[in-house]
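Here is a short report on charged and aromatic side chains. Look at the model first, then read on.

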Amino acid sequence: MKLVTVLMLTALPLYCYAGLGCDLLDDVVNMTIDPNVDMTEYINNMQEFLPGEETEKAFTFMKECFLPHSEETLEKVQELHQAIYSSFWCARY
């Protein structure tokens, strides 16, 4: 599981650098944060990123982390997400 996470985090900047994955990554993050997307819909939409049961469990766990939070907290997470994407360090991607 840790290896999958490391490989995914290593590959994402390269994927974005190639201009292919930034919108895709943005959609994944937005769907994870969105309280209106239920777990079944979320897993169905993420199917192409889930090579196995362990990865599906990790995505489920991540979604469950955001479900019990208030709208205000989720808005702040979205602001953080945008601040990171707009930062100097991400500008090259």
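## Charges and rings

Lys57 and Glu54 sit three residues apart in helix H4, about one turn of the helix. Helices (H or I, at least four residues) are DSSP runs, numbered from the N terminus. This is a predicted model, in which local features need pLDDT of at least 70, side-chain atom pairs count only at pLDDT 80 or more, and totals for chains, interfaces and linings use all residues. Residues are numbered from 1 along each chain as its sequence is written, and side-chain values use heavy atoms, leaving out hydrogens and water.

A salt bridge is a side-chain nitrogen of Lys or Arg within 4 Å of a carboxyl oxygen of Asp or Glu. The count comes to two salt bridges.

| Salt bridge | Closest N and O atoms |
|---|---|
| Lys57 and Glu53 | 3.5 Å |
| Lys57 and Glu54 | 3.9 Å |

Glu53 and Lys57 are four residues apart in helix H4.

How exposed are these side chains? Buried means under 20% relative accessible area, exposed over 50%, and partly exposed in between (1.4 Å probe, protein chains only). Glu53 is exposed at 57%. Lys57 is partly exposed at 47%. Glu54 is partly exposed at 46%.

Rings of Phe, Tyr and Trp (its six-membered ring) pair if their centres lie within 6.5 Å; planes under 30 degrees apart count as stacked, over 60 as edge-to-face and the rest as tilted. There is one aromatic pair. Tyr42 and Phe59 form this tilted pair, 6.4 Å centre to centre with 35° between the planes. Tyr42 is in helix H3 (residues 39-45) and Phe59 in helix H4 (residues 53-66), so the pair ties together parts 17 residues apart in sequence. Tyr42 is buried at 1% relative accessible area. Phe59 is buried at 10%.

Note on methods: Helices (H or I, at least four residues) and strands (E, at least two) are DSSP runs, numbered from the N terminus.
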